[in-house]
Amino acid sequence: MLDLSADMEVAIAAVRAAGEAILPGFRSGQDVRYKSADQPVTDSDLLADEMLKAALIGARPEYGWLSEETKDSPDRLGRERVWVVDPIDGTNSFVKGIAEWAISVDLAVDGEAVLGIVHNPVTGELFHAVRGGGAFLNGEPIRVSAATPQASERTCLASRGEMKRGEFDRFHGWTLKPLGSTAYKMAKVADGTGDVFVSRGPKSEWDVCGADVIVTEAGGRVTDSLGRPLAYNRPNPEVQGTIATNGALHDPLCAFVGSLPPVTRVWR
């Protein structure tokens, strides 16, 4: 296990400070701009990004930087260690006043997610994990659910938009629970609230990287929608869907998802 205790201390302090700074903007009616048809951005997104970069790169200037709200630079590709950040994952929930968004921060080392934090400032939940060190919610250990493929009750956390588009119409026998932010949904798989999270649509590395290590350290498993392990800090930071599970449900779920008609949405 890498000794990442100092990095974790820096990252948690940065995430908490950013959360406190942007929380007053939640449900405040601030202006919303759109980067694309379904990609809103607010002053709070930009403020969190600015604060996180100042704190994280300020403390670790030798690390690279990949964030949804910062113009990408190929400089990161030459760095062994890279912060992967989503200042507000679930901005749609943020602007709609739904308390299902989160700040997501990860440290990737040689393409592997090794340190992750997912923080929901509204609920006060702060999930964190280091590769090989277990997963925690507000300092207490967490574990994925014990559901098996034969369980009578299995809960799938899902995007409201994807549910409305009919992407879960064939998920017979599952209890579907709508939830906002991708990182937050994955963290709620890690703490056992949901058994699985599925999204077959396009994702970016910053959507999933912070929660990847949290799910894994809680005993679960994360892959793309084709069942392939995820890698980070790639030249094109796109992910072909995401499946996060308690582990026991992963292989059968991947097989089922692979049998479904492909999603036709374009990459972001």
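Tyr 232 touches Ala 108, Gly 111, Ala 113, Glu 205, Val 208, Cys 209 and Asp 212, leaving aside residues up to four places away in sequence. Keep in mind that you are looking at a predicted model. Let's start from this tyrosine, then move on to the sheet, a helix lying across it, and a few other spots.

**The nonpolar cores**

- Tyr 232 is one of the residues with the most contacts inside the largest nonpolar core, which has 35 residues.
- The top contributor is α6, which gives seven residues.
- Apart from this core lies another one, made of 29 residues, including Phe 94, Leu 107, Val 109 and Val 130.

- Strand β8 (residues 135-137) pairs with β7 in the antiparallel sense, over three bridges.
- In that pair, Ala 129 stands opposite Ala 135 in β8.
- As background, strands of a sheet pair through backbone hydrogen bonds, and they can do so either parallel or antiparallel.

- Helix α1 (residues 5-22) has 18 residues and reaches 26 Å from its first C-alpha to its last, close to the 26 Å expected at 1.5 Å a residue.
- Which residues of α1 are buried? They are Asp 7, Met 8, Ala 11, Ile 12, Ala 14, Val 15, Ala 18, Gly 19 and Ile 22.
- Why do these residues end up on the same side of α1? Because they cover an arc of only 165 degrees around the axis.
- Look at the other side of α1 and you'll find Glu 9 and Glu 20 exposed.
- The cover over the buried residues of α1 includes α2 (43-59), β4 (81-89), α3 (91-96), β5 (102-109), β6 (112-120) and β7 (125-130).

- Strand β16 (residues 242-245) is covered on both faces.
- Thr 242 and Ala 244 are buried on one side, while Ile 243 and Thr 245 are buried on the other.
- Strand β12 (residues 196-199) runs antiparallel to β16 and is joined to it by four bridges, with Phe 197 standing opposite Ala 244.
- Strand β14 (residues 221-223) also runs antiparallel to β16, through three bridges, and here Arg 221 stands opposite Thr 245.

**A closer look at Thr 91**

- Thr 91 lies in helix α3.
- Is Thr 91 buried or exposed? Its relative accessibility is 7%, so Thr 91 counts as buried.
- Thr 91 touches Pro 40, Val 41, Thr 42 and Asp 45, again not counting residues up to four places away in sequence.
- Thr 91 and Thr 123 are 32 residues apart along the chain, and their C-alpha atoms are separated by 16 Å.

Key: Residues are numbered from 1 along each chain as its sequence is written. This is a predicted model: local features need pLDDT of at least 70, side-chain atom pairs count only at pLDDT 80 or more; totals for chains, interfaces and linings use all residues. Side-chain values use heavy atoms; hydrogens and water are left out. Helices (H or I, at least four residues) and strands (E, at least two) are DSSP runs, numbered from the N terminus. The expected span of a helix is 1.5 Å times one less than its number of residues. Buried means under 20% relative accessible area, exposed over 50%, partly exposed in between (1.4 Å probe, protein chains only). The arc is that of the directions from the helix axis to the C-beta atoms. Contact means heavy atoms within 4.5 Å. Two strands pair if DSSP finds at least two bridges between them. A nonpolar core is a set of buried Ala, Val, Leu, Ile, Met, Phe, Trp, Tyr and Cys residues joined through side-chain atoms within 4.5 Å.
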